[in-house]
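Please consult the sequence and the structure shown below while reading.

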Amino acid sequence: MPRTTPPRPEDIASVFPELAPLARQAVRLHPRAGRPSVHDSSVGGPLLWPADEEWPTCAEEHHNWEPPVSLDDVRRRRALLEAAWLRPREPGEDLLDPDRRAYLDKLQAGHPAHAGPNALLPVAQLYLRDVPGLAGPEGADLLQVLWCPLDHHNGLPAARVVRRNAASVGELLTDPPAPADVEHYGNYVPEPCVLHPEAVTEYPAPHELPKELADRLHDWGKAQQEDSEAGPGGAYYQYALSVSPGWKVGGWGPWSFCDPWPMHCETCDAQYRPLLTIGSAEWDGGSGSWIPLEDREEPPGPAGLRSRANPPMVTIGRSYSMQIYVCPTSFDHPHLEVMQ
(Lines give C-alpha, C1' and ligand atoms only; values in the text may rest on other atoms or scores of the structure.)
Protein backbone atom coordinates (compact mmCIF):
# COMPACT_ATOMS: atom_id res chain seq x y z
CA MET A 1 0.00 0.00 0.00
CA PRO A 2 1.45 3.42 -0.88
CA ARG A 3 1.82 6.06 1.80
CA THR A 4 0.53 9.61 1.30
CA THR A 5 1.67 12.57 3.37
CA PRO A 6 -1.24 14.99 3.94
CA PRO A 7 -0.86 18.44 2.35
CA ARG A 8 0.87 20.87 4.69
CA PRO A 9 -1.55 22.95 6.77
CA GLU A 10 -0.10 26.13 5.26
CA ASP A 11 1.67 27.07 2.02
CA ILE A 12 4.50 28.56 3.99
CA ALA A 13 6.44 29.80 0.96
CA SER A 14 3.45 31.99 0.04
CA VAL A 15 3.37 33.47 3.52
CA PHE A 16 7.16 33.87 3.67
CA PRO A 17 8.41 34.17 0.06
CA GLU A 18 12.04 34.23 1.22
CA LEU A 19 11.66 30.51 1.97
CA ALA A 20 10.83 29.59 -1.64
CA PRO A 21 14.46 29.44 -2.88
CA LEU A 22 15.32 27.17 0.07
CA ALA A 23 12.82 24.43 -0.85
CA ARG A 24 14.34 20.97 -1.24
CA GLN A 25 12.91 17.64 -2.27
CA ALA A 26 13.03 14.87 0.29
CA VAL A 27 11.87 11.30 -0.33
CA ARG A 28 10.13 9.79 2.65
CA LEU A 29 10.85 6.07 2.58
CA HIS A 30 7.90 4.94 4.74
CA PRO A 31 9.41 1.57 5.79
CA ARG A 32 6.75 -0.98 6.71
CA ALA A 33 7.04 -4.57 7.90
CA GLY A 34 7.55 -6.96 5.01
CA ARG A 35 9.73 -9.60 3.40
CA PRO A 36 11.97 -7.79 0.92
CA SER A 37 14.28 -9.73 -1.36
CA VAL A 38 17.75 -8.76 -2.59
CA HIS A 39 16.05 -7.25 -5.65
CA ASP A 40 13.94 -4.83 -3.59
CA SER A 41 14.64 -1.51 -1.98
CA SER A 42 14.40 -2.12 1.74
CA VAL A 43 15.33 -1.28 5.29
CA GLY A 44 16.85 -4.16 7.20
CA GLY A 45 16.46 -6.52 4.26
CA PRO A 46 19.02 -8.72 2.49
CA LEU A 47 21.62 -7.03 0.29
CA LEU A 48 22.48 -7.80 -3.31
CA TRP A 49 26.06 -8.69 -2.44
CA PRO A 50 28.58 -10.57 -4.62
CA ALA A 51 29.77 -13.90 -3.26
CA ASP A 52 33.36 -13.04 -4.17
CA GLU A 53 33.36 -9.65 -2.38
CA GLU A 54 34.52 -9.53 1.22
CA TRP A 55 31.82 -8.67 3.74
CA PRO A 56 32.78 -5.46 5.57
CA THR A 57 33.74 -5.41 9.23
CA CYS A 58 34.47 -2.76 11.85
CA ALA A 59 37.77 -2.62 13.74
CA GLU A 60 37.12 0.72 15.47
CA GLU A 61 36.89 1.17 19.23
CA HIS A 62 33.43 0.43 20.60
CA HIS A 63 31.78 2.16 23.55
CA ASN A 64 29.63 -0.44 25.27
CA TRP A 65 27.73 1.27 28.08
CA GLU A 66 25.98 -2.06 28.75
CA PRO A 67 27.21 -5.57 27.84
CA PRO A 68 26.63 -6.33 24.17
CA VAL A 69 24.29 -9.10 23.10
CA SER A 70 24.14 -11.35 20.05
CA LEU A 71 21.98 -10.77 17.01
CA ASP A 72 20.10 -13.98 17.80
CA ASP A 73 19.46 -12.72 21.35
CA VAL A 74 17.77 -9.61 19.96
CA ARG A 75 15.62 -11.57 17.54
CA ARG A 76 14.58 -14.13 20.15
CA ARG A 77 13.76 -11.37 22.63
CA ARG A 78 11.60 -9.57 20.09
CA ALA A 79 9.80 -12.78 19.13
CA LEU A 80 9.12 -13.57 22.78
CA LEU A 81 7.71 -10.12 23.53
CA GLU A 82 5.74 -9.98 20.29
CA ALA A 83 3.97 -13.22 21.14
CA ALA A 84 3.36 -12.01 24.68
CA TRP A 85 1.77 -8.74 23.57
CA LEU A 86 -0.47 -10.49 21.04
CA ARG A 87 -1.78 -13.28 23.25
CA PRO A 88 -5.09 -12.73 25.09
CA ARG A 89 -4.65 -11.92 28.78
CA GLU A 90 -7.01 -11.65 31.70
CA PRO A 91 -7.26 -8.27 33.48
CA GLY A 92 -4.28 -7.93 35.81
CA GLU A 93 -2.46 -10.91 34.30
CA ASP A 94 1.29 -10.42 33.91
CA LEU A 95 2.68 -10.07 30.41
CA LEU A 96 5.12 -12.94 31.02
CA ASP A 97 4.88 -16.01 33.21
CA PRO A 98 7.90 -16.85 35.44
CA ASP A 99 9.49 -19.19 32.89
CA ARG A 100 9.26 -16.66 30.06
CA ARG A 101 10.48 -13.90 32.36
CA ALA A 102 13.55 -15.98 33.26
CA TYR A 103 14.20 -16.65 29.57
CA LEU A 104 13.90 -12.95 28.78
CA ASP A 105 16.35 -12.10 31.56
CA LYS A 106 18.81 -14.59 30.08
CA LEU A 107 18.47 -13.05 26.62
CA GLN A 108 19.01 -9.57 28.06
CA ALA A 109 22.03 -10.46 30.22
CA GLY A 110 24.59 -9.87 27.47
CA HIS A 111 28.12 -11.20 27.17
CA PRO A 112 31.69 -9.89 27.31
CA ALA A 113 32.63 -7.91 24.20
CA HIS A 114 34.39 -9.95 21.55
CA ALA A 115 37.88 -9.04 20.46
CA GLY A 116 38.60 -8.42 16.82
CA PRO A 117 36.55 -6.96 13.95
CA ASN A 118 32.77 -6.93 14.12
CA ALA A 119 30.79 -7.83 11.00
CA LEU A 120 28.51 -5.06 9.72
CA LEU A 121 24.74 -5.33 9.59
CA PRO A 122 22.55 -4.35 6.59
CA VAL A 123 20.62 -1.13 7.21
CA ALA A 124 19.20 0.02 3.88
CA GLN A 125 19.26 -0.94 0.23
CA LEU A 126 18.00 1.66 -2.26
CA TYR A 127 17.64 1.07 -5.98
CA LEU A 128 17.90 4.42 -7.75
CA ARG A 129 14.82 3.49 -9.83
CA ASP A 130 12.72 3.63 -6.64
CA VAL A 131 13.94 6.90 -5.10
CA PRO A 132 13.39 10.09 -7.13
CA GLY A 133 16.48 12.27 -7.24
CA LEU A 134 18.84 9.70 -5.73
CA ALA A 135 22.09 9.76 -7.71
CA GLY A 136 25.21 7.63 -7.93
CA PRO A 137 28.46 7.32 -9.87
CA GLU A 138 28.20 6.53 -13.56
CA GLY A 139 26.89 3.00 -14.00
CA ALA A 140 25.84 2.61 -10.34
CA ASP A 141 22.13 2.04 -9.78
CA LEU A 142 22.17 0.71 -6.22
CA LEU A 143 22.99 2.31 -2.87
CA GLN A 144 23.66 0.08 0.13
CA VAL A 145 24.17 1.18 3.72
CA LEU A 146 25.55 -1.09 6.44
CA TRP A 147 26.68 -0.29 9.96
CA CYS A 148 28.45 -1.70 12.96
CA PRO A 149 25.55 -2.05 15.45
CA LEU A 150 27.47 -0.69 18.46
CA ASP A 151 28.09 2.79 19.84
CA HIS A 152 31.26 4.50 18.66
CA HIS A 153 33.06 7.70 19.64
CA ASN A 154 30.14 9.87 18.43
CA GLY A 155 27.48 7.80 20.19
CA LEU A 156 26.33 6.31 16.88
CA PRO A 157 26.78 3.09 14.92
CA ALA A 158 29.54 3.37 12.31
CA ALA A 159 28.07 3.35 8.78
CA ARG A 160 29.51 2.11 5.49
CA VAL A 161 28.09 3.40 2.18
CA VAL A 162 28.42 1.17 -0.89
CA ARG A 163 27.39 2.02 -4.45
CA ARG A 164 27.30 -0.64 -7.14
CA ASN A 165 25.82 -1.73 -10.47
CA ALA A 166 23.18 -4.36 -9.80
CA ALA A 167 23.57 -6.05 -13.19
CA SER A 168 27.28 -6.67 -12.57
CA VAL A 169 26.64 -8.76 -9.46
CA GLY A 170 27.09 -12.38 -10.39
CA GLU A 171 26.83 -15.17 -7.83
CA LEU A 172 25.16 -13.86 -4.68
CA LEU A 173 26.34 -14.10 -1.11
CA THR A 174 23.39 -15.85 0.53
CA ASP A 175 24.65 -16.24 4.10
CA PRO A 176 26.54 -13.10 5.14
CA PRO A 177 28.38 -13.17 8.48
CA ALA A 178 26.50 -11.80 11.47
CA PRO A 179 28.03 -9.34 13.93
CA ALA A 180 29.34 -11.01 17.07
CA ASP A 181 28.19 -8.05 19.16
CA VAL A 182 25.24 -5.69 18.87
CA GLU A 183 24.15 -2.87 21.14
CA HIS A 184 22.65 -4.14 24.42
CA TYR A 185 19.05 -3.13 23.71
CA GLY A 186 19.05 -4.03 20.02
CA ASN A 187 18.40 -0.42 19.04
CA TYR A 188 20.60 -0.74 15.95
CA VAL A 189 19.03 -3.96 14.61
CA PRO A 190 16.52 -2.98 11.91
CA GLU A 191 13.60 -5.29 11.28
CA PRO A 192 13.02 -6.14 7.58
CA CYS A 193 10.83 -3.55 5.91
CA VAL A 194 9.62 -2.86 2.39
CA LEU A 195 9.57 0.78 1.29
CA HIS A 196 6.93 3.13 -0.09
CA PRO A 197 8.98 6.12 -1.32
CA GLU A 198 7.17 9.46 -1.58
CA ALA A 199 8.61 12.81 -2.63
CA VAL A 200 7.74 15.80 -0.44
CA THR A 201 8.93 19.40 -0.21
CA GLU A 202 10.92 20.56 2.80
CA TYR A 203 12.23 23.85 4.12
CA PRO A 204 15.10 24.38 6.57
CA ALA A 205 14.56 23.91 10.28
CA PRO A 206 14.51 27.26 12.13
CA HIS A 207 18.03 26.48 13.39
CA GLU A 208 19.40 26.92 9.84
CA LEU A 209 17.60 30.18 9.06
CA PRO A 210 18.74 33.75 9.76
CA LYS A 211 17.67 34.70 13.27
CA GLU A 212 15.42 37.51 12.04
CA LEU A 213 13.46 35.13 9.80
CA ALA A 214 13.34 32.39 12.43
CA ASP A 215 11.96 34.91 14.95
CA ARG A 216 9.27 36.05 12.53
CA LEU A 217 8.28 32.44 11.85
CA HIS A 218 8.08 31.82 15.59
CA ASP A 219 5.83 34.84 16.14
CA TRP A 220 3.68 33.96 13.15
CA GLY A 221 3.30 30.37 14.34
CA LYS A 222 2.36 31.52 17.80
CA ALA A 223 -0.35 33.77 16.34
CA GLN A 224 -1.69 30.95 14.15
CA GLN A 225 -1.93 28.63 17.14
CA GLU A 226 -3.17 31.07 19.76
CA ASP A 227 -6.62 29.44 19.92
CA SER A 228 -5.29 25.90 20.18
CA GLU A 229 -4.10 24.77 23.61
CA ALA A 230 -2.70 21.55 22.12
CA GLY A 231 -0.89 23.18 19.19
CA PRO A 232 2.87 23.67 18.95
CA GLY A 233 2.59 27.46 19.21
CA GLY A 234 5.74 29.21 18.11
CA ALA A 235 7.16 25.85 16.98
CA TYR A 236 4.34 25.43 14.42
CA TYR A 237 6.70 25.99 11.49
CA GLN A 238 9.32 23.62 12.88
CA TYR A 239 6.96 20.73 13.56
CA ALA A 240 4.43 20.99 10.74
CA LEU A 241 5.90 23.00 7.87
CA SER A 242 9.65 22.51 7.57
CA VAL A 243 11.36 19.09 7.91
CA SER A 244 9.55 15.75 7.60
CA PRO A 245 10.29 13.13 10.27
CA GLY A 246 11.30 9.50 9.82
CA TRP A 247 13.48 7.68 7.29
CA LYS A 248 14.14 9.74 4.18
CA VAL A 249 16.60 10.56 1.41
CA GLY A 250 17.76 14.14 0.80
CA GLY A 251 15.90 17.15 2.13
CA TRP A 252 17.05 19.15 5.14
CA GLY A 253 18.51 18.16 8.50
CA PRO A 254 16.10 17.60 11.42
CA TRP A 255 18.01 19.75 13.90
CA SER A 256 16.61 19.39 17.40
CA PHE A 257 18.68 19.22 20.58
CA CYS A 258 21.73 20.98 19.12
CA ASP A 259 22.40 23.83 16.73
CA PRO A 260 23.92 23.37 13.26
CA TRP A 261 27.63 23.79 12.81
CA PRO A 262 29.77 24.05 9.65
CA MET A 263 30.06 20.61 8.08
CA HIS A 264 32.60 20.48 5.27
CA CYS A 265 34.20 17.60 3.40
CA GLU A 266 37.60 16.81 4.85
CA THR A 267 38.93 16.16 1.35
CA CYS A 268 37.75 19.18 -0.64
CA ASP A 269 36.06 21.45 1.94
CA ALA A 270 32.72 21.41 0.08
CA GLN A 271 29.66 21.74 2.29
CA TYR A 272 28.08 18.37 3.02
CA ARG A 273 24.53 17.58 1.87
CA PRO A 274 22.11 15.13 3.53
CA LEU A 275 21.98 11.68 1.94
CA LEU A 276 20.02 9.45 4.31
CA THR A 277 18.11 10.19 7.50
CA ILE A 278 17.47 7.27 9.85
CA GLY A 279 14.64 8.26 12.13
CA SER A 280 13.58 6.78 15.46
CA ALA A 281 9.93 7.36 14.53
CA GLU A 282 7.93 8.52 11.53
CA TRP A 283 5.81 10.66 13.82
CA ASP A 284 5.47 11.60 17.46
CA GLY A 285 3.34 13.87 19.60
CA GLY A 286 4.64 17.02 17.95
CA SER A 287 4.70 15.85 14.34
CA GLY A 288 1.27 14.27 13.99
CA SER A 289 0.47 16.28 10.87
CA TRP A 290 3.04 14.15 8.99
CA ILE A 291 1.22 10.85 9.69
CA PRO A 292 0.37 9.32 6.30
CA LEU A 293 -3.32 9.23 5.42
CA GLU A 294 -3.19 5.43 5.30
CA ASP A 295 -1.96 5.25 8.91
CA ARG A 296 -4.48 7.59 10.53
CA GLU A 297 -6.73 4.85 11.91
CA GLU A 298 -5.62 2.38 14.53
CA PRO A 299 -5.70 -1.18 13.13
CA PRO A 300 -8.15 -3.60 14.77
CA GLY A 301 -6.96 -6.23 17.17
CA PRO A 302 -4.17 -6.26 19.76
CA ALA A 303 -0.99 -4.30 19.08
CA GLY A 304 2.27 -6.18 19.01
CA LEU A 305 5.73 -5.11 20.07
CA ARG A 306 6.45 -3.10 16.92
CA SER A 307 5.26 0.52 17.06
CA ARG A 308 3.25 1.75 14.07
CA ALA A 309 5.46 4.85 14.03
CA ASN A 310 8.69 2.81 14.05
CA PRO A 311 8.33 -0.39 11.99
CA PRO A 312 12.14 -0.88 11.66
CA MET A 313 12.44 -0.78 15.48
CA VAL A 314 15.58 1.35 15.25
CA THR A 315 16.19 3.96 17.95
CA ILE A 316 18.93 6.58 17.74
CA GLY A 317 19.98 8.06 21.09
CA ARG A 318 16.95 9.29 22.98
CA SER A 319 14.64 8.88 19.98
CA TYR A 320 16.66 11.25 17.79
CA SER A 321 17.72 10.85 14.16
CA MET A 322 20.97 9.82 12.52
CA GLN A 323 21.91 11.55 9.30
CA ILE A 324 24.50 10.46 6.79
CA TYR A 325 25.90 13.48 4.94
CA VAL A 326 27.90 13.19 1.72
CA CYS A 327 30.14 15.44 -0.34
CA PRO A 328 28.36 16.94 -3.38
CA THR A 329 31.54 17.03 -5.47
CA SER A 330 32.58 13.37 -5.37
CA PHE A 331 30.99 10.05 -4.46
CA ASP A 332 34.44 8.85 -3.41
CA HIS A 333 34.92 11.39 -0.63
CA PRO A 334 34.24 10.29 2.96
CA HIS A 335 30.80 10.75 4.44
CA LEU A 336 29.82 12.23 7.81
CA GLU A 337 27.48 10.84 10.47
CA VAL A 338 25.54 13.19 12.74
CA MET A 339 22.94 12.73 15.50
CA GLN A 340 20.18 15.35 15.42
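What percentage of the contacts in the protein chain with a separation of 6 or more comes from residues 24 or more positions apart? Such residues account for 79% of these contacts, where contact means heavy atoms within 4.5 Å.

The model is predicted: local features require pLDDT of at least 70 and side-chain atom pairs pLDDT 80 or more, while totals for chains, interfaces and linings use all residues. Residues are numbered from 1 along each chain as its sequence is written, and side-chain values use heavy atoms, with hydrogens and water left out.

**Overall fold**

The protein chain contains five helices and 14 strands; these are DSSP runs numbered from the N terminus, helices being H or I of at least four residues and strands E of at least two. Its radius of gyration is 21 Å, close to the 20 Å that the globule rule gives for 340 residues, so the chain is as compact as a globular protein of that length. The radius is taken over C-alpha atoms, and the rule is 2.2 Å times the number of residues to the power 0.38. Along its principal axes the C-alpha trace spans about 60 × 60 × 35 Å. Of the 340 residues, 48% are buried; buried means under 20% relative accessible area, exposed over 50% and partly exposed in between, with a 1.4 Å probe and protein chains only.

**Nonpolar cores**

A nonpolar core is a set of buried Ala, Val, Leu, Ile, Met, Phe, Trp, Tyr and Cys residues joined through side-chain atoms within 4.5 Å. The largest has 33 residues, and Leu29, Trp147, Leu276, Ile278 and Ile316 have the most contacts inside it. Helix H2 (71-86) and strands S6 (121-127), S7 (142-148), S12 (273-279) and S13 (321-326) each supply at least two of its residues. S6 gives the largest share, four residues. Leaving aside neighbours within four places in sequence, Ile316 is in contact with residues including Trp147, Tyr188, Ile278 and Met339. A second, separate core of 14 residues includes Ala13, Leu217, Trp220 and Ala240.

Most residues other than glycine have a negative phi.
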